[in-house]
Amino acid sequence: MALTRGFTGRSRGTRDPRLPPGQYDAGANWPVLHAEPTPSIDTARWSFEIDGLVDEPVRWSWDEIHALPTSRYEGAIHCVTTWSKFGMRFDGVSVDTLLDAAGVRDDATFALARSHTGYTTNLRLEDLTDGKAWVVWDVNGAPLTDIHGGPARLLVPHLYFWKSAKWVSGLTLLAEDQQGFWEVRGYHDRGDPWLEQRYQGD
Ligand SMILES: Nc1nc2c(c(=O)[nH]1)N[C@H]1C(S)=C(S)[C@@H](COP(=O)(O)O)O[C@H]1N2
Ligand SMILES: [Mo]
């Protein structure tokens, strides 16, 4: 007797346990989403800065940030428009390394991430620490392209992907939550895909 497909593989109707509620697997497709025109940012002019409630603001050039210990994320990403992707591999630097260099003050509990384009998104500081967030420049072994936020983007993969600011230029540490671009337009302040925190009030 032949094995049925459902016996060895994933049976039809069984949800992939890696998929948060309301999400589908985009497969090989990687959709491009952003609100502003795609910028082209020369690495010679790129910089990343941490300021706000820190002991000392720190700014890194492209070469300086590459001199830091590198860190990798391998796993899924989840967009609020319901696509998820598995098996992504991003290389860059851990946000922990960057925060350590600036020295986080005790009164810092939130952060506002910003992009070279003016895009912003708000995060709880605890969603950026302990190995949960990166500034990345390579994806699946190749440099991030302009459309996906190159030369470098923020990566906070445990939250919906709008928190992963493309063309990231810095983080400002704050004592109170300050909403970013999508959050003032009704998207959730935290955006945990496992809790389906899509919109304000979810
Ligand atoms: N600067 C900037 N970053 C952004 C956005 C944006 O509009 N501008 N959109 C966010 C949203 S809604 C998503 S889903 C992801 C999309 O990233 P991708 O185009 O690489 O898939 O970028 C996020 N980062
Ligand atoms: Mo998104």
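Student: What is the relative accessibility of Glu196?

Tutor: The model is predicted, so local features need pLDDT of at least 70 and side-chain atom pairs count only at pLDDT 80 or more, while totals for chains, interfaces and linings use all residues; side-chain values use heavy atoms, with hydrogens and water left out. Residues are numbered from 1 along each chain as its sequence is written, and chains are lettered from A and ligands numbered from 1 in the order in which they are written. Buried means under 20% relative accessible area, exposed over 50%, and partly exposed in between (1.4 Å probe, protein chains only). Glu196 counts as partly exposed, at 31%.

Student: Which residue meets Glu196 in a salt bridge?

Tutor: A salt bridge requires a side-chain nitrogen of Lys or Arg within 4 Å of a carboxyl oxygen of Asp or Glu. Side chains of opposite charge can pair when their charged atoms come close. The partner's N lies 2.7 Å from the O of Glu196, and this partner is buried, with a relative accessible area of 8%. The residue is Arg198.

Student: How far apart are the closest N and O atoms of Arg124 and Asp127?

Tutor: Arg124 is partly exposed, with a relative accessible area of 29%. Asp127 is buried, at 2% relative accessibility. The salt bridge between Arg124 and Asp127 has its closest N and O atoms apart by 3.3 Å.

Student: How many residues apart in sequence are the parts that Asp127 and Arg190 tie together?

Tutor: Asp127 and Arg190 meet in a salt bridge of 2.7 Å, N to O. Asp127 lies in the loop between strand E7 (120–124) and strand E8 (134–139), and Arg190 in the segment after strand E11 (168–174). Strands (E, at least two residues) are DSSP runs, as are helices (H or I, at least four), numbered from the N terminus. The pair therefore ties together parts whose separation in sequence, in residues, is 63.

Student: Why is E8 largely enclosed by the rest of the structure, and how many of its six residues are buried?

Tutor: Two strands pair if DSSP finds at least two bridges between them. Val135 of E8 is the bridge partner of Val93, and Val136 stands opposite Arg153 in E10. E8 is largely enclosed because its buried residues number five.

Student: Which residue in the turn of the E8–E9 hairpin has a positive phi?

Tutor: E8 and strand E9 (residues 142–143) pair in the antiparallel sense over two bridges, and the bridge partner of Val139 is Ala142. The hairpin leaves two residues between the strands. The residue with a positive phi, about 50 degrees, is Asn140.

Student: What percentage of the area of ligand 1 does the protein bury?

Tutor: An oxygen atom of ligand 1 is 2.9 Å from an N or O atom in the side chain of Trp30, and another contact puts a backbone N or O atom of Pro31 2.7 Å from an oxygen atom of the ligand. A nitrogen atom of ligand 1 is 3.1 Å from a polar backbone atom of Ser164. Taken alone, ligand 1 exposes 530 Å² (Shrake-Rupley method, 1.4 Å probe). The share of this that the protein buries is 98%.

Terms used. A polar contact is a pair of N or O atoms within 3.5 Å; within protein, one must be able to donate a hydrogen and the other to accept it, and residues adjacent in sequence count only if both atoms are side-chain atoms.
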